[in-house]
Amino acid sequence: MDLVSENKMNSEGGESRPAPPTSLPLQGGPTQRKKLSAPRISLSLDQSEDDLGETPDDLDINVDDLDTPDEGDYLDYTDHEMDWEEPKTANRGRTSDSYNTIPTYSAEEERQDGKLWRTVIIGEQEHRINMKIIEPYMRVISHGGYYGNGVNAIIVFAACFLPDSDRDDYHDIMENLFLYVISTLELMVAEDYMIVYLNGATPHRRMPGLGWLKKCYQMIDRRLRKNLKSFIILHPSWFIRTILAITKPFISTKFSSKIKYVNSLDELQELIPMEYIQIPECIIRLDKELKESAENSKVNSFLSGPEPTSAAARTDRPDEAGASSS
């Protein structure tokens, strides 16, 4: 084919091919479509010097067949823009909510929590006392002042302030209360001392057990046992007398000689100064009742006591008279 015919075919092909559009309509529904500016595309079939072969016909680009995103798809992507930019934002929000459920712990609460526990050294061993559980029973031991030359302490133990033995946490209370009593005793005592045990007005369910008393005696430091000069029991009952009789084999003879029984507050006042001893109200009422009962019994015995003796003497005299006459 000559050059003239080839040029003619190229010109005819160029006239039959439509001109490329400068904008693209969006295909879709009846809504108005956006028009996107299309880049200039060269559709010339002329081969350049750099081409390695002929350009095939299947490289013709039909811009009408191009898929473009509609407005709904565009808005859907914008709704999740934050998820694409920061995918951990939602997780951080849930984590912060879980952190907010943990209550804050202020410095004041920390100080208060430190007051709930006390660390003490007993017998060269460290013990921790739960102060919260024994708070209602801390009045069981108190300082009653001094006697003698002013350096001998008076320690008051009120059994009426002990817990009831039918409590579910009774053993835990008594264990911590035991440590509290021993550690407090070591702090209160510097020289010689005496213990005043207020036994009256204490129901049987509040009486300390034999094992608890034995443990207290064994855990007391040797210095405290040696410096104890007197153990006074106010309003002793048959129960406490029985307990002391049972524990007598486990205690020393010196300690047994220090035990004294006192039946009234008046007798106690004759032995030690009472101005700094805090006597519970229930002990005062009991002492008053016992005093009134003792006075009534004395009056009754005085009024009715001598008559049975004189009557017996009169009945014996006729027998003696009959025997003498015979």
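**Entry 1: helix 7 and its cover.** I looked up what covers the buried residues of helix 7, and the list includes strand 6 (152-158), helix 6, helix 8 (222-227) and helix 10 (253-257). Contact here means heavy atoms within 4.5 Å. Helices (H or I, at least four residues) and strands (E, at least two) are DSSP runs, numbered from the N terminus. The model is predicted: local features need pLDDT of at least 70, side-chain atom pairs count only at pLDDT 80 or more, and totals for chains, interfaces and linings use all residues. Residues are numbered from 1 along each chain as its sequence is written, and side-chain values use heavy atoms, with hydrogens and water left out.

I then noted the buried residues of helix 7: W212, C216 and Y217. Seen down the axis of helix 7, they fall within an arc of 135°, so they line one face of the helix. The arc is that of the directions from the helix axis to the C-beta atoms. Buried means under 20% relative accessible area (1.4 Å probe, protein chains only).

**Entry 2: helix 6 against helix 7.** I checked the axes of helix 6 (residues 170-188) and helix 7 (residues 210-219), which come within 11 Å and cross at roughly 35°. Axes are lines fitted to C-alpha atoms, for helices over the stretch in contact, and angles run from 0 to 180 degrees between N-to-C directions. From helix 6, M174, E175, F178 and I182 meet W212, K215, C216 and M219 of helix 7. I sorted the residues of this contact into six nonpolar, no polar and two charged. Ala, Val, Leu, Ile, Met, Phe, Trp, Tyr, Cys and Pro count as nonpolar, Asp, Glu, Lys and Arg as charged, and the others, Gly among them, as polar.

Conventions:
Buried means under 20% relative accessible area, exposed over 50%, partly exposed in between (1.4 Å probe, protein chains only).
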